[in-house]
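Hi,

Here is the structure I said I would pass on. Have a look at it first, and then read my notes below.

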Amino acid sequence: MIKKIITPETEVYICGSVPFMNKVEEYLSQFGHPLSQIHIEAYQPSLSLIKDAAKMSITEEQKRIVKSTAPILKENGKEITSIFYKQLFKSHPELLNLFNQTNQKIGTQPLALANTVYFAAENIDNLEVLMPQVLTIANKHRALTVQPEHYP
């Protein structure tokens with residue numbers, strides 16, 4: 001599926017934490033994407049946010065359940081998130097204006113969500129590495145003025 005969206009000629013731009021970018025680069029290289037076509041820009045959250053994230057508690061059973069979803073997400077994540085977005089917009093068309101519809105049509109939004117959820121499942125034992133993605137999503141949602149009522 002990724003080969004249909006990203007060809008060897010596609011310039012890929014990744015912005016995020018080093019662990020996140022390493023995962024994406026590894027994923028792309030599995031499909032033979034040339035490293036010369038991958039461009040990165042790194043950032044990190046403040047250390048106090050990372051320390052606060054480390055205090056979050058999750059049981060071992062919850063971790064086991066989340067980890068068990070990783071293979072399914074890796075194989076079918078984009079399909080799952082594409083269905084999620086179709087159902088979301090069908091049930092709540094008022095949310096359409098919060099999303100870039102071109103990204104929906106070409107699949108980049110569902111793929112981004114799938115990759116984020118997969119990354120979270122893979123790193124549930126090391127929640128600190130999730131903070132850059134969580135902060136990016138939070139900042140994007142804040143910029144779009146997403147409200148609690150937008151989460152049906």
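The largest nonpolar core has twelve residues in all: I6, V12, I14, F20, V24, L28, I38, F119, I124, L127, V129 and L130. By nonpolar core I mean a set of buried Ala, Val, Leu, Ile, Met, Phe, Trp, Tyr and Cys residues joined through side-chain atoms within 4.5 Å. Buried is under 20% relative accessible area, exposed is over 50%, and partly exposed is in between (1.4 Å probe, protein chains only). β1 (12-16) and α2 (18-30) each give this core at least two residues, and α2 has the largest share, with three. Domain 1 (1-43) and domain 2 (48-150) each put in at least three residues; the domain bounds come from an automatic or database assignment. There is also a second, separate core of five residues, with Y85, L88, F89 and L98 among them.

A word on what you are looking at: this is a predicted model, where local features need pLDDT of at least 70 and side-chain atom pairs count only at pLDDT 80 or more, while totals for chains, interfaces and linings use all residues. Residues are numbered from 1 along each chain as its sequence is written, and side-chain values use heavy atoms, with hydrogens and water left out.

Now the rings. The whole structure has four aromatic pairs (Phe, Tyr or Trp rings, the six-membered one for Trp, with centres within 6.5 Å; planes under 30 degrees apart are stacked, over 60 edge-to-face, the rest tilted). F84 and Y85 are edge-to-face, because their planes sit at 65°, with the ring centres 5.1 Å apart. F84 is partly exposed at 43% relative accessibility, whereas Y85 is buried at 5%. F89 and F99 also make an edge-to-face pair, with centres 5.1 Å apart and planes at 70°. That pair links distant parts of the chain, since F89 is in helix α4 and F99 is in the loop between α4 and α5 (101-106), ten residues apart. F89 is buried at 12% and F99 partly exposed at 23%. Ring pairs join F84, Y85, F89 and F99 into a cluster.

Cheers

How values were computed. Helix = DSSP H or I, 4+ residues; strand = E, 2+ residues; numbered from the N terminus.
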